[in-house]
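Visitor: I have a structure open and have not looked at it before. Can you take me through a few points?

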Amino acid sequence: MTSTPARTRTEPAGYAGQPVLNPPPWHHLIIWYFFLGGVSGCAYLIATLARWFGGAPGRPVARAGHLVSAAAIAPAPALLILDLGRPARFHHMLRLVKPLSPMNLGSWAFAAFSTASALGALRTLAHTAAAPLPALARRAGRLVPELLTVPGSLVALFFSGYTGTLLAATAVPLWARTPLLGPLFMASSAATGGAAVQAALAVAGEDGSALERPEHAALLAEVAIAGSWLYRLGPVARRPLTRGRERVLFWGGYAGAGLALPLALSLLPRTVRHRRGVRLAGAAATLAGGLCLRAAVVRGGEASALDPEAALGE
């Protein structure tokens with residue numbers, strides 16, 4: 001009786017030298033869609049919370065949040081449709097509802113949230129006297145009920161984190177080895193959404209101190225989730241991020257610029273960190289880190305799928 005020799009690490013896996021898994025078909029456009037969708041969803045949530053619970057100090061935050069949300073989601077439809085490969089078939093995703101399909105639910109959530117975000121921005125502009133809005137659009141905006149922000153926020157909450165859940169539903173080891181990718185994207189969306197609103201307030205010369213504590217809480221939560229996610233991936237599944245070509249994006253762009261730098265800026269004296277330049281620098285670092293996280297994860301998925309050790313769970 002002869003035993004089958006153990007496969008060496010350099011020997012190709014799968015059948016006839018083909019990889020066990022097909023690499024993911026997504027490219028750079030989907031990275032921007034994931035990033036802008038997270039920013040938009042959490043900016044909308046911030047606007048709703050500020051509108052309902054922020055009182056007078058929350059009004060500029062709510063106004064900035066709605067406008068940031070609409071601006072961030074505006075290019076997302078084109079990014080998503082162009083990345084499909086056969087753009088003309090996008091409407092097929094909305095012909096039926098599949099509760100067990102993350103892609104189908106995401107398409108419906110995207111359509112619902114895009115509508116809610118646009119209406120929220122229109123209502124905000126209609127109640128802003130200085131906004132250059134045609135008379136008919138201003139009247140229409142004032143008819144949008146404020147209660148719309150409640151169901152809109154529920155959709156925004158789902159939309160902000162579903163992209164991580166969508167990736168985790170695949171067989172790609174870097175994405176599917178642990179269920180923490182969805183919470184990580186959600187925490188990153190909270191941080192980047194807050195940073196985008198903070199940047200808008202800084203540019204407008206508005207006070208953003210109401211966002212300071214939530215921003216720090218979101219950042220600390222993201223650090224904790226990112227550490228746990230990376231640890232639970234294991235040394236083989238996380239190899240594209242630790243030793244692969246995406247390690248500069250992940251460690252330099254995400255961990256360095258997106259996490260460490262904003263944490264360092266938060267330790268500055270209050271009078272310093274409230275300066276416009278410091279606020280803008282912190283917001284820019286957080287936004288760049290969120291983009292680098294998604295780029296490293298999406299691009300690293302290809303290397304992870306083609307890695308026979310990771311694909312076979314070795």
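**Salt bridges and surface**

Guide: This is a predicted model. Glu206 and Arg63 form a salt bridge, with their closest N and O atoms 3.6 Å apart.

Visitor: Which parts does that pair tie together?

Guide: Glu206 lies in the loop between helix H8 (181-204) and helix H9 (212-237), and Arg63 lies in helix H2 (residues 59-73), so the pair ties together parts that are 143 residues apart in sequence.

Visitor: Is Glu206 buried, exposed or partly exposed?

Guide: Glu206 is partly exposed, at 29% relative accessibility. Arg63 also counts as partly exposed, at 30%.

Visitor: How many salt bridges are there?

Guide: The count is six. Arg245, Glu246, Arg299 and Glu302 are linked in a network of them.

Visitor: What about Arg245 and Glu246, buried or exposed?

Guide: Glu246 is buried, with a relative accessible area of 1%, whereas Arg245 is exposed at 62%. The closest N and O atoms of these two are 3.0 Å apart. Arg245 also forms a salt bridge with Glu302, at 3.9 Å.

Visitor: New topic. Which residues make the nonpolar surface patch?

Guide: Leu49, Trp52, Phe53, Leu147 and Val150 make a patch of about 570 Å². Helix H1 (residues 28-53) gives the most to it, with three residues. Phe53 is in helix H1 and counts as exposed, at 69% relative accessibility.

Visitor: And where does pLDDT stay under 50?

Guide: Over residues 1-12. Where pLDDT is low, the predicted coordinates should not be read in detail. For the protein chain, the mean pLDDT is 84, and 85% of residues reach 70 or more.

Methods. Residues numbered from 1 in each chain as written. Predicted model: local features only at pLDDT ≥ 70, side-chain atom pairs only at ≥ 80, totals over all residues. Heavy atoms only, no water. Patch = residues over 30% accessible without salt bridge, like charges linked within 9 Å, V, L, I, M, F, W, Y side chains within 5 Å. Areas by Shrake-Rupley, 256 points an atom, 1.4 Å probe, with all protein chains shown as cover. Salt bridge = Lys/Arg side-chain N within 4 Å of Asp/Glu carboxyl O. Helix = DSSP H or I, 4+ residues; strand = E, 2+ residues; numbered from the N terminus. Buried < 20%, exposed > 50% of the residue type's maximum accessible area, 1.4 Å probe, protein only. pLDDT = per-residue confidence, 0-100. Contact = heavy atoms within 4.5 Å.
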